[in-house]
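Please consult the sequence and the structure shown here alongside the text.

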Amino acid sequence: MKKINPTKTNSWQKLKKHFLDEKVVLKKAFQENPNRKKELSFVLDDFSLDLSKNLISSKTLDLLIGLAEEMQLKNAIEKQFKGEKINHTENRAVLHTALRDFSNNKITVNKKNIRSEITETLNKIESFSKKIISGELKGYSGKAFTDIVNIGIGGSDLGPKMVVQALKYYKNHLNTHFISNIDGDHSAEILKNLNTETTLFVVVSKTFTTQETLSNVNFAKKWFLKSAPEKEIKKHFVAVSTNINKVTEFGIDNKNIFTMWNWVGGRYSLWSAVGLSIALSVGFSNFKELLKGANKMDVHFKNTPFNENLPVLDALIGIWYNNFYHSETEAILPYSQYLEYFVPFIQQLMMESNGKSVDNNGEKVNYQTGYVVWGNTGTNMQHAFMQLIHQGTKLIPTQFIGFKSSLYGNENHHKKLMANFYAQQEALAYGKTKEKVHLDLKLNGQADKIEKLLPFKVFDGNKPSTTILLEKLTPFNIGMLISFYEHKTFTQGVIWNINCFDQYGVELGKELANKILG
Ligand code: F6P
């Protein structure tokens with residue numbers, strides 16, 4: 001891990017020169033090299049990454065890989081997986097990967113093997129979720145639970161909420177709800193239709209000090225106590241936290257507390273007991289599949305040379321646009337309504353992690369770091385913001401995420417969905433020439449309007465896109481997908497020489513809100 005200014009490396013200088021010397025024109029690049037797609041596509045199991053529609057050549061990739069090597073990315077990855085305290089500002093290890101590592105390898109933090117703690121918590125998640133799903137554990141009036149309410153915010157909400165929605169196809173009879181915002185109306189709306197006798201609250205807060213979560217849990221407690229006696233709280237409230245004292249003070253039974261560890265950051269925590277509502281919603285075996293999928297990507301990230309390493313390559317492409325093309329953003333476009341909450345999750349992951357302007361040495365950076373991540377599901381977004389990407393003035397690299405087959409087997413719909421998926425990328429890459437517009441207008445009987453309409457109907461093209469294609473939306477594949485973005489984020493952080501794992505920018509807002517409230 002080389003804690004140096006990346007712009008001072010030889011590779012950076014070479015990339016700068018290469019950027020000025022060689023401008024890739026996608027149409028030409030594909031015409032000149034019929035193997036381009038094959039040469040720039042990379043596969044891991046059901047997961048494929050096609051980089052061919054990006055403004056790169058194989059030389060660009062080589063130079064970017066050179067930059068990763070010069071910044072000692074390999075060493076940084078080793079340090080992360082070994083449990084070294086790479087979150088140096090908070091003096092913490094970063095080991096979310098350990099939560100999904102089912103090997104027998106020793107994982108140590110502060111010279112202590114943490115494997116047994118992880119297994120113990122996983123066993124607790126398994127046994128608790130099984131008992132709730134089967135109805136063995138019941139509410140205060142003897143009825144089985146029907147509804148789960150997850151109360152938490154940021155990493156204690158976005159991850160579980162995104163995965164519960166993503167895996168809706170695999171869900172059981174329990175209905176899962178999420179309360180996060182400090183918007184009393186929203187909390188009231190959720191509780192309005194629930195029955196205290198059959199509702200289980202899962203309170204997730206790493207610190208158990210977050211204003212939103214504490215307010216919402218007190219609100220839920222009040223609502224519950226309107227119909228149930230205080231002693232029944234222990235049957236209906238469970239907590240996931242590192243702050244055992246605060247949770248006990250609140251009245252949650254010790255045996256209903258699921259541990260968290262400070263070596264797992266909030267936005268990387270869905271793999272821990274923070275994912276309890278996922279296990280409740282889709283069952284423990286599906287939760288385990290999710291972890292196994294993430295582990296598949298972890299092992300790939302850790303062991304694969306950079307020239308075939310999916311998260312590393314995608315991260316480098318992001319750096320190429322951000323730091324050389326000076327593009328300020330990346331759009332994430334999943335073609336699946338199940339991935340409705342994927343973009344907000346990725347926003348926290350990438351923007352909270354890499355929204356930093358001070359480097360690992362405490363110096364103000366003089367180059368661009370984390371970029372704006374945004375997006376929405378296709379095809380809805382085609383009828384909303386895609387116009388700006390196609391014909392606007394900004395360069396917005398896009399990431400299209402799709403699945404080869406649908407879950408319910410509605411082939412007719414799925415073919416149309418995927419036709420749109422590919423059509424957008426084609427339009428972005430190749431655009432529409434004057435000649436084609438001319439011909440189309442003529443064929444449509446609008447020859448008299450050619451002069452007027454022609455400039456408006458021309459698409460410049462040469463807009464970059466990346467294709468992420470998975471076979472099917474399964475828990476395993478979703479695990480791979482999330483882990484892919486986690487490692488992409490880390491790779492970019494290493495290259496930018498920043499700490500991906502603190503979030504002091506958010507802490508300030510929390511502090512001030514409490515002051516102003518006072
Ligand atoms: O948004 C900042 C943050 O610290 C996130 O990193 C975290 O996921 C969230 O607040 C919630 O914090 P907690 O889990 O401690 O309530």
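A polar contact is a pair of N or O atoms within 3.5 Å; within protein, one must be able to donate a hydrogen and the other to accept it, and residues adjacent in sequence count only if both atoms are side-chain atoms. The model is predicted: local features need pLDDT of at least 70, side-chain atom pairs count only at pLDDT 80 or more, and totals for chains, interfaces and linings use all residues. Residues are numbered from 1 along each chain as its sequence is written, and side-chain values use heavy atoms, with hydrogens and water left out.

**Ligand contacts**
- A polar side-chain atom of Ser156 is 2.7 Å from an oxygen atom of the ligand.
- For Ser205, a polar side-chain atom lies 2.6 Å from a ligand oxygen atom.
- Gly155 places a polar backbone atom 2.6 Å from an oxygen atom of the ligand.
- Of the 390 Å² of accessible area that the ligand has on its own, the protein covers 91% (Shrake-Rupley method, 1.4 Å probe).

**Ligand shell**
- The ligand is surrounded by 15 residues, the closest being Gly155, Ser156, Ser205, Thr207 and Thr210 (a residue is near if one of its heavy atoms lies within 4 Å).
- The shell comprises 2 nonpolar, 9 polar and 4 charged residues, with Asp, Glu, Lys and Arg counted as charged, Ala, Val, Leu, Ile, Met, Phe, Trp, Tyr, Cys and Pro as nonpolar, and the others, Gly among them, as polar.
- At least two shell residues come from each of α15 (342-354) and α21 (504-517) (helices are DSSP runs of H or I, at least four residues; strands are runs of E, at least two).

**Domains**
- The protein is divided into domain 1 (6-87 + 304-429 + 464-506), domain 2 (108-287) and domain 3 (431-463), with bounds from an automatic or database domain assignment.
- Domain 1 and domain 2 each contribute at least three residues to the ligand shell.
- The C-alpha centres of domain 2 and domain 3 are 56 Å apart.

**Backbone features**
- Phe208, in the loop between β7 (199-204) and α9 (211-225), has a positive phi of about 55 degrees.
- The Gly378 to Thr379 peptide bond is cis, with omega near 5 degrees.
- Thr379 belongs to the loop between β11 (372-375) and α16 (386-391).
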